[in-house]
Amino acid sequence: MASEAHAETLALREQFDTAAQQKDVATLGMWIFLITEVMFFGGMFLAYTVYRSSYPNVFARASSSINVYYGALNTVVLICSSFTMVLAVRGAQLGKRITTIVFLGLTLFLGLVFLGVKAFEWGEKFHEHHVPGPGFHLAGVPPGLQGQAQLFFSLYFAMTGLHALHMVVGAGLVITMMWLTYKGRFTAEYMTPIDITGLYWHFVDIIWIFLFPLLYLVDRHMGK
Amino acid sequence: MIRIELLTPNGHLFSSDTYNKLFTMHGVVMIFFFLIPSIPAVLGNFFLPLMIGARDLAFPRINLLSWYLLVIGGLFAIFAMLAGGVDTGWTFYTPYSTTYSNTWVIATALGIFVAGFSSILTGLNFIVTIHRMRAPGMTWFRMPLFVWAHYATSLIQVLGTPVLAVTLVLIFCERVFHIGIFDPALGGDPVLFQHLFWFYSHPAVYIMILPAMGVISELISVYSRKPIFGYSFVAFSSVAIAVLGFLVWGHHLFVSTQSFFAGMVFSFLSYFVAIPSAIKVFNWTATLYKGSISFETPMLYAFGFIGLFTIGGLTGLFLACLGIDVHVTDTYFVVAHFHYIMVGGAIMGYLGGLHYWWPKMTGRMYPEGWAKLSALVIFLGFNLTFFPQFILGYLGMPRRYHTYPSEFQVLHVLSTAGASVLAVGYIIPVIYFIWSLRYGAVASSNPWGATGLEWRTPSPPPVQNFEKIPVVTHDAYDYSTTIGEVIEVG
Amino acid sequence: MTQHIDSVKTYALVFIALVFLTLLTTAVAYVDLGPFSPVVALAIATAKMLLVALFFMHVRHSTQLTRLVVTGGLLWLAILIFLTLADFGTRGWLGVPGR
C-alpha cells in the first residue's frame with residue numbers, strides 16, 4: 001500500500017502510510033498553527049477591548065482621524081485577494097498549472113497593493129504627528145487626554161504592523177508556491193502546500209476583517 | 001550562588017544589582033530553557049512516537065527546527081547574561097521592564113520569544129502525531145498515560161504560548177519604538193500586562209508538571225506490576241488540569257489592583273485544580289496497594305515525586321485562598337511552594353524518567369547502587385533546602401532580597417546547606433550517566449519487564465523505530481497478558 | 001481521496017457577499033446606534049469570518065477534528081477575554097480606591 005502511494009506522488013515522506021494521511025496531517029497541523037495565531041492576535045485584541053471600554057470617547061475621536069477610505073479600500077483588496085487565492089487552490093485541485101500560477105500571481109499583486117496602501121497610510125501618520133512618541137499630537141483632544149489617544153495609535157501601529165508582517169510572510173509563501181508550481185512539483189493528487197498556503201492567506205484576511213471595524217469604524221457618527 | 005549570598009544577613013558577596021540579575025537569570029534559564037522543554041523535548045520526542053507505534057513524529061523537520069530555535073533562544077539569553085544581565089525578575093513586570101530597567105531586557109525577551117516558538121512547534125507536532133499517527137489498534141484508551149500527559153501539555157503550549165509571545169512583542173515595541181501599551185503615564189494599565197503574562201505563565205506551570213506526572217504514572221505501574229488504578233480518571237485528569245489551568249491565572253494578581261470580585265472568582269476557580277491533582281495522587285497510591293513493588297532507582301524518584309508534590313500542592317491551596325495569600329505574597333512561602341512543585345515535582349519526574357528510559361535510549365544500564373544513592377541525596381538535600389523556606393516565608397521573609405534581619409539566619413543557613421547537598425546529588429548522575437555510555441552493561445530490549453510499545457523494539461531503537469508497525473491488542477499496563485510474551489507484530 | 005471541489009459560482013457568490021458586508025459595516029458606522037454600534041460591527045465581522053472559514057478555507061468539507069480545533073481555539077480566546085474583563089469590568093464595585 002505504502003509503495004503504491006509512493007510511486008503515485010513521489011512526495012510521501014517515510015513516516016506516513018498513505019498520501020491521504022499525509023495530507024490530513026499537514027492540514028491539521030496548519031489549523032493548529034492558525035489557532036496559535038488566533039491567540040497571538042487575541043492578546044492584542046484583549047488589550048484593545050480593555051482600553052476601548054476604559055476610554056470610549058477618546059478612542060472614537062482617534063479612530064475618526066484615520067482615513068476610512070484607505071481602510072475600506074484595503075478590505076476590499078484583501079477580499080479580492082482571498083477570492084483569487086481560492087481560485088488558485090481550485091486550479092491546483094484540478095491540476096491546471098497555468099490557472100494556478102495566474103491566480104497566485106494575482107493574489108500576490110493584490111497583497112502588494114494592500115501593503116502599498118498601508119505604507120502610504122503610515123507615511124501620512126508621520127506627517128500628522130499621529131505616531132506615538134514625544135512629538136505626538138492629535139487635534140481636538142484635550143492635553144490631559146493626549147496619552148489615551150496615544151494608546152489608540154500604539155495599538156493601531158502594533159496591530160496593523162504585525163498584520164502587515166504576516167502579509168509579507170504570506171507574499172513570500174505565494175512566491176514560493178508559484179515557483180514550485182512552475183517547476184511542476186504539484187499534481188491534482190498532491191497539492192497540499194498550496195492548500196496550506198491558502199489557509200494561511202485566508203486567515204490573515206480574517207484578522208483584517210476584524211481589524212477594519214475595530215480600528216477604523218469606532219463610532220464614526222460622533223467623530224465628524 | 002544565590003544561596004551562598006543568603007548565608008549571612010547583610011550579603012557581602014554581591015551588590016543588590018547583581019543579586020537582582022542573578023535571580024532573574026536563575027528564573028529565566030530554569031523556567032524557559034530547562035523546565036518547560038526538559039521532559040517534552042528529551043523524553044517526549046524520543047518516546048512519544050515509540051509509545052503509540054509510529055515511525056516518527058508527524059513533522060520531523062519542524063521538530064528539528066524547534067530544536068534549533070530553542071538553541072538560538074538559549075544563545076540570546078546567554079548573550080544577555082554575559083553582556084550584563086537582566087534585573088527584572090523572570091516575570092518582566094511593566095513598567096519596570098519597559099521604562100526603567102537599563103539592562104538587557106530586549107535580548108532576553110527575544111530569547112524567550114524564540115524559545116516560545118520552539119515550544120509551540122513541539123506542542124503542535126505532538127497533538128497532530130497523537131491524533132493521526134497511532135498504530136492500528138492503539139485506541140485513545142490504550143495509550144500510555146505518558147502520552148495523555150503530553151497531549152494535555154501540548155494543548156497548553158499551543159493555546160498559551162502565543163499570548164506570551166504577543167506580550168513580549170509588545171514589550172519589545174514599547175522599548176524600541178516607545179509606543180506605550182502598558183505605560184501608566186498614557187493611561188495604560190500595567191495590570192493588563194500581568195493578565196496577559198499569567199494567562200500563559202500559570203498554565204506554563206502545568207507544562208512543567210504534567211509531563212512529569214505522565215512519567216510517574218508509567219513508573220508506578222511498572223514497578224508495582226499493576227495496571228494504573230482508574231486509568232481513565234488519570235488520563236482525563238491530565239486534560240482537566242490543562243483546561244482548568246487556563247482559568248486560574250488571576251490568583252497571581254491578588255495584591256495588584258485587580259478588582260476584588262475577580263479575585264474571588266479566581267480564588268474559587270483555583271481550588272478546582274486541586275481536584276484532578278488529587279485524583280492523580282490517590283490513584284497512584286491505589287495502584288501501589290497490593291502491588292509487587294520493587295525499589296529500583298526510577299521508583300525512588302517516583303516516591304519522591306508523590307511526597308513532594310503533595311506538600312507542594314497542599315501549600316498551593318493556602319495560596320489559592322485569597323485571605324492567606326495576601327499575607328504570604330512575595331515571601332519565601334511562595335518560593336518554597338513553587339520549588340516543591342517544580343524541583344520536587346518536575347525535576348524528580350525528569351530524573352525518574354531519564355533513569356527509566358536510559359537503557360532504551362542508549363542501550364546501556366547505569367550503575368544501580370550509585371543511582372539509588374544519588375536519588376536519596378537529592379531527596380534529602382531538597383527538603384533541607386526548601387522546607388525552611390516555608391517557615392521563613394510564613395514568618396515574613398520577602399523574596400528577592402539579598403539582605404535580611406538576623407533572626408532569619410539559622411533557617412537561611414540550613415537552606416544553603418541543603419542546596420549544597422542538592423548540588424552533589426545532581427552531579428553524581430551526570431558522572432555515572434556519562435560513565436555508563438561507555439562502560440555500562442549492555443541493556444536488553446526490556447530490562448524492567450514493562451508493557452509499553454517502546455519496550456518491544458531493540459535498545460536503542462532503529463531509525464524507523466519498528467521493523468514493522470505493531471498492532472495493539474491490549475490495554476496499556478496489561479501485565480496479565482504481556483509479561484514474558486513475545487508480542488506478535490503485524 | 002475525499003476532495004470536494006466547489007464551483008467557481010459558489011466562490012463568486014461568497015466574494016460578492018463579503019464585499020457587500022464590507023460596505024454595509026462602513027455605512028452603519030455613521031449611524032448612531034448607541035451602545036449597539038460595536039455589537040453590530042462585530043456581528044458583521046463574525047459573519048464575514050464564517051463565510052471565509054466555511055467556504056474559502058473549506059471548513060464546510062473538513063473533518064470533525066478540524067472543526068473541533070477551530071471552535072476550541074475560539075473558545076480559548078473567549079476565556080482569555082472574558083476572564084480578564086471579569087477583572088476590569090468589576091473594578092470600582094466595592095467603592096474602595098485601588099480595588
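**Exercise 1. The contact of chains A and B**

Task: Find how many residues of chain A are in contact with how many residues of chain B, and describe what this contact is made of.

Solution. 
- Step 1: Count the residues. In this predicted model, 34 residues of chain A touch 37 residues of chain B.
- Step 2: Take the area. Chain A and chain B bury about 2,900 Å² between them. Carbon and sulfur atoms give 71% of that area.
- Step 3: Look for the residues of chain A that lose the most area to chain B. They are Q15(A), M39(A) and F40(A). Together they make 19% of what the chain A side buries.
- Step 4: Search for charged pairs. There is one salt bridge between chain A and chain B. The side chains of R132(B) and D24(A) form a salt bridge, with 2.3 Å from N to O. This counts because the cut-off is 4 Å between a side-chain nitrogen of Lys or Arg and a carboxyl oxygen of Asp or Glu.
- Step 5: Count polar contacts. One residue pair is in polar contact between chain A and chain B, both at pLDDT 80 or more.
- Step 6: Assign the elements. On the side of chain A that touches chain B, α2 (19–54) and α6 (146–182) of chain A each give two or more residues. The largest share, 18 residues, comes from α2(A).

**Exercise 2. The contact of chains C and A**

Task: Describe the contact between chain C and chain A, and state which helix of chain C gives the most residues to it.

Solution. 
- Step 1: Interface size is often given as the accessible area lost when the parts come together.
- Step 2: Apply it. Chain C and chain A bury about 4,100 Å², 81% of it on carbon and sulfur atoms.
- Step 3: Count residues. Chain C brings 48 residues and chain A brings 48 residues.
- Step 4: The salt bridge count is zero. One residue pair is in polar contact, both at pLDDT 80 or more.
- Step 5: Name the helices. In chain C, α1 (8–28), α2 and α3 each supply at least two residues to the side that touches chain A. With 13 residues, α3(C) gives the most.

**Exercise 3. Chain B as a whole**

Task: State how many helices and strands chain B has, and what share of its residues is buried.

Solution. 
- Step 1: Chain B has 15 helices and zero strands.
- Step 2: Of its 490 residues, 61% are buried.
- Step 3: Take contacts in chain B with a separation of 6 or more. Residues 24 or more positions apart account for 82% of them.
- Step 4: The accessible surface of chain B is about 18,000 Å². Carbon and sulfur atoms hold 72% of it.

**Exercise 4. Buried or partly exposed?**

Task: Sort T129(B), Y68(B), R225(B) and H58(C) by accessibility class.

Solution. 
- Step 1: Recall the cut-offs. Buried means under 20% relative accessible area, and exposed means over 50%.
- Step 2: T129(B) has 0%, so it is buried. It lies in helix α5 of chain B. Its contacts beyond four places in sequence include L48(B), I52(B) and R134(B).
- Step 3: Y68(B) has 46%, so it is partly exposed. Its place is in helix α3 of chain B. Y68(B) belongs to a nonpolar surface patch of about 680 Å², with W67(B) and V71(B) among the other members.
- Step 4: R225(B) has 31%, so it is partly exposed. It sits in the loop between α7 and α8 of chain B.
- Step 5: H58(C) has 14%, so it is buried. Its loop runs between α2 and α3 of chain C. H58(C) is not a glycine, yet its phi is about 60 degrees.

Notes
Residues are numbered from 1 along each chain as its sequence is written. Chains are lettered from A and ligands numbered from 1 in the order in which they are written. This is a predicted model: local features need pLDDT of at least 70, side-chain atom pairs count only at pLDDT 80 or more; totals for chains, interfaces and linings use all residues. Side-chain values use heavy atoms; hydrogens and water are left out. Patches are made of residues with over 30% relative accessible area and no salt bridge: like charges are joined within 9 Å, nonpolar side chains (Val, Leu, Ile, Met, Phe, Trp, Tyr) within 5 Å. Accessible areas come from the Shrake-Rupley method with a 1.4 Å probe; for residues, only the protein chains shown count as cover. Helices (H or I, at least four residues) and strands (E, at least two) are DSSP runs, numbered from the N terminus. Buried means under 20% relative accessible area, exposed over 50%, partly exposed in between (1.4 Å probe, protein chains only). Contact means heavy atoms within 4.5 Å. Buried area is the accessible area (1.4 Å probe) that two parts lose on being put together, summed over both. A polar contact is a pair of N or O atoms within 3.5 Å; within protein, one must be able to donate a hydrogen and the other to accept it, and residues adjacent in sequence count only if both atoms are side-chain atoms.
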